[in-house]
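Please keep the structure open beside them.

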Amino acid sequence: MDPAVLEHRREPRARLLPPRHGLQETATLPIPNELVAEIFLRLPTPADLVRASAACASFYRLVASRTFLRRFRKLHRPPLLGFVDGRIFHPVIPPYPSAPAANAVALAADFSFSFLPGPARDWEVLDIRDGRVLLKRPGRQYHEMVVCDPLYRRYLLLPPFPDEQAASLEDPSTIKWYETFLVPAGDEEAATVEETSFRVIWMAQCKFRLFTFVFSSSTGQWGVVPSPSWSDLFAGLPSLEMATPLNTRQYAYGCFYWMAGYMAEAKMLVLDTRRMEFSIAEPPPDGFAMAMVEAGEGRPGVFVNPHGGSKFRYSTMQNDGGSLSQWQEEKTISLGYGYYIIGSTERYLFLYQLQSPLPNPGVFTLDVQTFQLERVCDQHLGHAYSNFPPSLLSSPTVSSGKLPITSRC
């Protein structure tokens with residue numbers, strides 16, 4: 001091979017223009033790593049970065065560094081790879097851009113959860129976020145819970161609630177609703193905590209109060225979130241003892257949202273996970289058939305499908321005197337009949353189409369940035385799974401492994 005080609009593959013260099021008019025050639029200059037890093041951070045997809053890292057050893061060392069990977073993951077959300085239905089992973093289908101990565105994950109990960117203790121059939125998936133899966137199985141008093149990483153086959157069993165916390169609950173017979181879910185790591189958290197750190201929230205809607213416990217993998221303990229009474233939260237509204245249970249959990253920019261109350265007097269219960277504080281916000285009009293996304297610049301966005309028709313209203317929460325409080329309609333999107341909202345992530349609205357010219361119904365994503373509609377799966381299949389595929393970009397999302405880590409592709 002030409003020595004010049006070998007030299008190029010060993011170390012990237014910038015050459016000046018060839019000599020002209022008797023001028024001597026100037027020595028080649030290496031491209032500073034800081035500049036290469038800034039270029040690589042702007043590559044549009046993880047696949048482009050992996051290909052660039054294979055060009056030479058110095059590129060690989062730069063891309064594989066922990067500092068660079070943190071910055072890249074902060075700027076680029078992991079792609080949607082598929083859906084988990086029970087203990088089966090259904091990868092997204094071509095021509096969706098992440099289909100090749102999804103197939104790699106289908107081969108490398110264990111979504112049967114055979115690495116968890118006890119029979120795998122006992123475990124039920126509760127939530128999936130950031131490559132982690134939260135599961136539960138029946139216990140003697142409360143459900144046993146575990147957070148695992150199916151790609152690296154690691155898991156962490158969550159401890160039971162301390163006796164004093166369990167004793168603080170109202171009469172269990174008054175629990176109208178409860179759920180357990182994973183807390184996303186916000187941008188500020190991602191820069192300061194380990195990538196394997198996570199939090200889990202358990203919430204119960206009781207007769208007089210909302211009880212909330214938070215587990216932190218950093219401390220290995222459950223904590224209590226101070227919760228005001230329903231009468232303090234929903235002053236002037238009918239008692240939630242008669243209202244419908246909290247429903248339609250949504251997430252955007254560090255906050256979870258639930259609809260609460262009757263249709264005419266409905267409010268949104270907001271939990272700010274950065275301060276672990278509850279508050280009340282006004283819902284968008286006709287907001288019971290809705291899904292929230294991140295509109296940019298810290299503004300939550302929401303898609304609403306009034307009365308199940310063919311039109312979807314997209315609104316964003318506006319800044320009113322330093323606080324986000326007013327919904328403003330941005331546009332109306334007409335998709336035709338047969339589309340139903342089934343969920344969302346920070347960037348995508350998930351739609352299920354029953355009436356389709358195609359042979360089978362399917363799941364579509366609507367990109368909040370481009371409003372492009374793309375088919376991703378043949379049918380509605382449980383929890384969405386997003387992650388970086390098996391490569392130098394992926395890393396364990398759970399620190400404690402109870403079994404040896406198996407090899408991956």
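This is a predicted model: local features need pLDDT of at least 70, side-chain atom pairs count only at pLDDT 80 or more; totals for chains, interfaces and linings use all residues.

1. Residues are numbered from 1 along each chain as its sequence is written, and side-chain values use heavy atoms, with hydrogens and water left out.

2. Helix 3 (residues 46–53) packs with helix 4 (residues 57–64) at an angle of about 140°, and their axes are 8 Å apart; axes here are lines fitted to C-alpha atoms, for helices over the stretch in contact, and angles run from 0 to 180 degrees between N-to-C directions. The two helices, helix 3 and helix 4, are therefore oblique to each other, given that angles under 35 degrees count as roughly parallel, over 145 as roughly antiparallel, 65 to 115 as roughly perpendicular and the rest as oblique. Leu49, Ala52 and Ser53 of helix 3 make the contact with Phe59, Tyr60 and Val63 of helix 4. By class, the contact has five nonpolar, one polar and no charged residues, where Ala, Val, Leu, Ile, Met, Phe, Trp, Tyr, Cys and Pro count as nonpolar, Asp, Glu, Lys and Arg as charged, and the others, Gly among them, as polar.

3. On helix 4, the buried residues are Ser58, Phe59, Leu62 and Val63. Seen down the axis of helix 4, these residues fall within an arc of 130°, so they line one face of the helix.

4. Some backbone geometry deserves a look. Most residues other than glycine have a negative phi, and most peptide bonds are trans. Pro94 and Pro95 are joined by a cis peptide bond, with omega about 5°, and Pro95 is found in the loop between strand 4 (88–91) and helix 6 (99–108).

5. Asp130, a residue other than glycine, has a positive phi near 55° and is found in the loop between strand 5 (124–129) and strand 6 (132–137); with a relative accessible area of 36%, Asp130 is partly exposed. Glu297 likewise has a positive phi, near 60°, and lies in the loop between strand 17 (290–294) and strand 18 (300–304); at 76% relative accessibility, Glu297 counts as exposed.

6. Met317 is placed in strand 19 (residues 311–320) and, at 3% relative accessibility, counts as buried. From C-alpha to C-alpha, Met317 and Gly298 are 9.4 Å apart in space, and they are 19 residues apart in sequence.

7. For the chain as a whole, the secondary structure comes to nine helices and 25 strands, taken as DSSP runs numbered from the N terminus (helices H or I, at least four residues; strands E, at least two). Of the 409 residues in the protein chain, 45% are buried. The protein chain exposes about 21,100 Å², of which carbon and sulfur atoms supply 54%, the areas coming from the Shrake-Rupley method with a 1.4 Å probe.

Technical notes
Contact means heavy atoms within 4.5 Å. Buried means under 20% relative accessible area, exposed over 50%, partly exposed in between (1.4 Å probe, protein chains only). The arc is that of the directions from the helix axis to the C-beta atoms.
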